[in-house]
Every structure is written in structure tokens, then in C-alpha cells.
Amino acid sequence: MSVRIAVALAATIGASIMSPVAQAQPEIVDISGDYTPGTIVVKTHERRLYFILDTGRAVRYPVGVGKTGKQWSGTTKIDGKYLRPAWSPPSEVRRDKPGMPDVIPGGSPRNPMGVAAMTLAGGEYAIHGTNVPNSVGGFVSYGCIRMLNDDISDLYRRVSIGTTVTVTH
């Protein structure tokens, strides 16, 4: 089954700003703000995702975020969870890379979704893994949140469909 995401990352698209290869190192950190435990908070300017554990504490992960002009902010919910998802490039990606196949099977090294994906906003965006770990930490996507495969696997186990996700600039 193909997971169609209207705005997604593609390893074959390339990254405008690359960082050194990020290492999977989720860490427990202090966080300020009035967040409900179990919420995911993405701070685009930091290129970090926080999973709120309790008042003032969170698990922090490095992420890749939207390129200039592709970033968004707001609050949504996880509406789907998929392991080894297939990927169909959305129209914006097809326009930029017209030679892309209609579907890239799950598990393919060319699949930009990595080992897992959690869709947001009716499938318009996703929090997902990547097969290009050196892109994590950069401004690299069409609006999706890109994580190291070990990190998305950890987060995937912690959350369920319906989890609130807040993205800030």
C-alpha cells in the first residue's frame, strides 16, 4: 500500500543546507512552555523535535525541517502510523524531479521515508525516517520532519494516532 504524502522529503531531491552526519542520541532535557505530556513539539529554528514527558521535561531529537519557503507552523495530530511505507511523490516533487517513479516501495534504499512514518494534517506532511542521515539537522524538506531511523523508531513506539503535534518557527 502506498502512503501518499502531498508534501514530502526525497533523498533524490538534495538538500540546500547539509549538516554533519547526526548521531542517534535522543536525550532527556528541560523544556519551558505549557505543554501537555505526550505532545510532540517541533522547533523549526532549532531543528529539534521534543516529545514532552512531563512538566518541564522532554526527549529531544535532531531533525531535518522545511527548506526556505516550505516551512509551516501550527498544531495538528498524527493521523496515521506506517512501518516501511511506500512513497508516492506529490505533485510539487514531481514538478521539481519529473523523472521520479510513481511509487517507491517501502524498504527501498531510494525511499525517502526511511523505516517509519507518521502522517500529519490528513497526509499533507509526515514525521519520518530517512535513508540520508547527513540531511538530519538541515533545512532540507518540502515541509516534512525528517529523523534518523533509530530516532523515528523510538518516537514511533512512544506515540499513537491522535497525538498532538505543534510546529513552531
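**Rings, charges and a sheet**

Biologist: How far is the charged end of Lys 81 from the centre of the Tyr 156 ring?
Modeller: This model is predicted, so local features need pLDDT of at least 70 and side-chain atom pairs 80 or more, while totals for chains, interfaces and linings use all residues. Residues count from 1 along each chain as its sequence is written, and side-chain values use heavy atoms, without hydrogens or water. Lys 81 sits over that ring (NZ of Lys or CZ of Arg within 6 Å of the ring centre and within 35 degrees of the ring normal), at 4.2 Å.

Biologist: Which ring has Lys 43 over its face?
Modeller: Lys 43 lies 5.4 Å from the ring centre. The ring belongs to Tyr 50.

Biologist: How do the rings of Trp 72 and Tyr 125 pair up?
Modeller: Rings of Phe, Tyr and Trp (its six-membered ring) pair with centres within 6.5 Å; planes under 30 degrees apart are stacked, over 60 edge-to-face, the rest tilted. That gives 1 aromatic pair. Its centres are 4.6 Å apart and its planes at 15°, so it's stacked.

Biologist: How many residues separate Trp 72 and Tyr 125?
Modeller: Trp 72 is in the loop between strands 6 and 7, and Tyr 125 is in strand 10 (strands are DSSP E runs of at least two residues, numbered from the N terminus). So the pair links distant parts of the chain, 53 residues apart.

Biologist: Which strands stand at the edges of the open sheet?
Modeller: The sheet's order is 2-5-4-3-13-7-9-10-12, where pairing takes at least two DSSP bridges.

Technical notes. Helices (H or I, at least four residues) and strands (E, at least two) are DSSP runs, numbered from the N terminus.
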